[in-house]
Structure formats: C-alpha cells, structure tokens
Amino acid sequence: MKLAENKATLSFSNGSPSVDLPVYQGSVGPDVIDIRKLYGQTGMFTYDPGFLSTASCQSAITYIDGDKGELLYRGYPIEQLATQCDYLDTCYLLLKGELPKQAERNGFHKLVLSHTMVNEQMQFFLRGFRRDAHPMAVLTGLIGALSAFYHDSTDINNPEHRDVAAIRLISKMPTLVAMAYKYGRGEPYMYPRNELSYAGNFLRMMFGTPCEDYKVNPVIERAMDRIFILHADHEQNASTSTVRLCGSSGTNPFAAIAAGVACLWGPAHGGANEACLNMLEDIQRQGGVAKVGQFMEQVKDKNSGVKLMGFGHRVYKNYDPRAKLMQETCNEVLAELGLENDPLFKLAKELEKIALEDDYFVQRKLYPNVDFYSGIVQRAIGIPVNLFTGIFALARTVGWIAQLNEMIGDPEYKIGRPRQLFTGYVTRDVKPVSER
C-alpha cells in the first residue's frame, strides 16, 4: 500500500472546517481514501450498506476487474491456471504466494493427500442429523466440530497452528462433503485413496461403493478439478468477509471456516447454482423449451417477481471469465456422457441463447455466470442439486484460509466492528404496566 501524493478533501456546507484524508494506491485497481481517523476528526461515520464503496482490508491474493472481466490469483490469470495447473497447484499458490517448483509440488500434493482421513468419531457425529438434512447444515456442523478433534491446531495466532489447520481443512473437506452425501443416501462411507488425485479421490468417495472398484473417468476428473480451481477464491465476497470478521475475534480456524460455510449457504451467494438448477427444473415442469420465451418475458416484467438465476454478477460488468472456461467444460462433460440431448440441458442452451441475443439482457450485461454452467456440469456428473453449495465450500476453503492467514499477519488488523446509522427511539422512560 503506497501513499499517494494527492489527498482527498472533505468539505461541509454547514461551515464546519474541511478535513484532509490520505489517499493510498494499490498495485492495480482503484485508489482508496483512508477514513480511519474520520470519526475522531469529525464525530461522523461513513454510510455504505453492502460495502459497495468500502475497502475493508488490503490484500495481495486475488484481484478482480469487473469491467474488463478479469480475475487474477496472485497475479496469474484464471484462464491460465485453469488450463495449465491443477487444484492443488492453485492451493499452493494462494497459500504461499507463488506457484510450486517440482519438488515443492510433489511435497505439497503428498502432504495434502496423506491427511484426507477424518476421525472415526465423525461417523457417530453424523448420526445425530436427520437423513434428509440439507448437506450444508451437516457441513456447517462437521467443520465446526473439527476443532473438537484437533486441539493442537486451534491457536489462530500461532503460524504453525495455522499451517497445520490449513492442510487439515483442505485435505479433509472432500471427505466430509462425500460423507454428508453418503449419509443422506444411506450408503456406506468410502475411505479415501491416497494414490488418486484430489479430484479423483473425491469422485470415488462420492460415487464408489464397496461392491466394486470405481474407475475415475479422466474427463469428469478434469471437470471436477476445474470447478475447484474456478471457485478457489474471489476476493472480498460475503463468505470471505465473514471468515475474516469471524477470525478477527481470534477464534480458531475451524470455527472461522464454518462461519464461511454458513454464509455461503445463501442463494444469493454460494447457493446461486442450486437456485439456477431449480429455476431450470421449474421451467421444464411448465413446458420446457416451448415456454422459455414466455419465461424470459416474465423476467423483463419487474412486477412479475420472476428472476433469472445464473446470469449477471455483482462484480463483473462484463463476461465472467470463469463462465467461458466452465462453458467449455460443460460441453466436454455432456459430450463424454452422451447428454447433449437431455431435456434440461437443451432448455439451458435455449435460455443462454436468448439471454445473449436479446437487447434487454445484452444492454444490462446479464451474461451467463459461472454458476449457470457449473450447476449444469455437476448435475450431469450426478451430484444432487442440494450438494452444489457443498462443492463450492470445498473449493473455496483454501481461499478462506489464505485470506484468514493474510489478515492475521497484517500488523494493522483489528477485530471487526462496523458502525451504524441509528434510526430507533431516543431515550425514553419505562412506564408501569398499567400506564402503557
């Protein structure tokens, strides 16, 4: 963070003296006005619901240029990482700051893949949930419970503890997600196999059974790995900000990540691809492709209450760079599984076609986002809709950890304490019950 030569001056129309505020520059992106001393100088707060114009921290991990449709992990374009690296390479990059050399790569892969098992008592913990519980409810509990099993890595202020907790979380998330899935289906859990890749191991734990050997399809394996890479981090979004805010109190890494999982559950965030598939299924029930035009007209009508899920993005005002990569993966998976003519997939293609050609959507830059395609890919693979957000949480765990570690290592970090504009009652006296 570099201090700019210019300053910002805040003036008041009521005659109060103006205030100079320092301006800082990042390596790329908008400059920021430092308002940390604003309250002390003026007795006023800023008001910014949703933090649309507020930088809550300085970070060197992920950069997004929404206007250009650009996403960088540690300076590397997401397009290059998704096509030239695997997920564990990306994990190493996000955690360490650089892509691994061959020896580092071998060591990191081995370290992660050798810690995929979870304590056997987790099976009994799972039995406390109903079989039809939403997987995100189960995962929130399981991840928070990890702190009860691994007392030796819960001190967030100890760098060694944070490193150990990071590996444990990245290693065990696929196992926990697969266990939540198997529990809901009443199937036996599959233990991890260290000789498989991260994505291959996950697929086997999800879809394998003790009855026969499970053979990992390389096309599906590559698709799963790409889903993980594209969701590994996304700057200061709602769940990442939640992890940082939770961690700022000094809580243990497992609890902070569990908080991120809980936040991710919302349909406006991690649940977007689940909401997208639900939307497609609703259109299919109403008549399928023949009703797409009618549905899109309802979307245009602000009074209809009908929303188009999987299109547009809070940050990207151009094409989501992850969406193009996921679209390629989507086509590969559908071709591999012979699902090009599946009614739901044909419906999705028609929806996409209209959105890309209709002036209403083009002018508003409502392009398909990564959630639109990733939901289609996961459904094709056989992942149930209610587990989509769990897959997202699995992938995002490394980003949360990297952001949490960065915050703890920042000498300027303090416990998060947002301010408010109070609009309630001023001081009033309690009256006796008879006089109320």
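Biologist: Why is D371 called buried in this predicted model?

Modeller: D371 has a relative accessibility of 9%, and buried means under 20% relative accessible area, with a 1.4 Å probe and protein chains only; D371 therefore counts as buried. In this predicted model, local features need pLDDT of at least 70, side-chain atom pairs count only at pLDDT 80 or more, and totals for chains, interfaces and linings use all residues. Residues are numbered from 1 along each chain as its sequence is written, and side-chain values use heavy atoms, without hydrogens and water.

Biologist: Why is H313 called partly exposed?

Modeller: The relative accessible area of H313 is 23%. Partly exposed lies between the buried limit of 20% and the exposed limit of over 50%, so H313 is partly exposed.

Biologist: Which residues does UniProt list for "active site"?

Modeller: The unreviewed UniProt entry lists H313 and D371; such annotations may be inferred rather than shown by experiment. Although spread over 59 residues of sequence, they cluster in space, with a largest C-alpha distance of 9.9 Å.

Biologist: With which residues is D371 in contact, leaving aside its neighbours within four places in sequence?

Modeller: Contact means heavy atoms within 4.5 Å. With those neighbours left aside, D371 is in contact with H231, A272 and N273. On the same terms, H313 is in contact with H234, D320 and R322.

Biologist: Where is D371 found?

Modeller: D371 is found in helix α17, residues 370-381; a helix is a DSSP run of H or I with at least four residues, numbered from the N terminus. H313 lies in the loop between α13 (292-300) and α14 (321-337).

Technical notes:
Helices (H or I, at least four residues) and strands (E, at least two) are DSSP runs, numbered from the N terminus.
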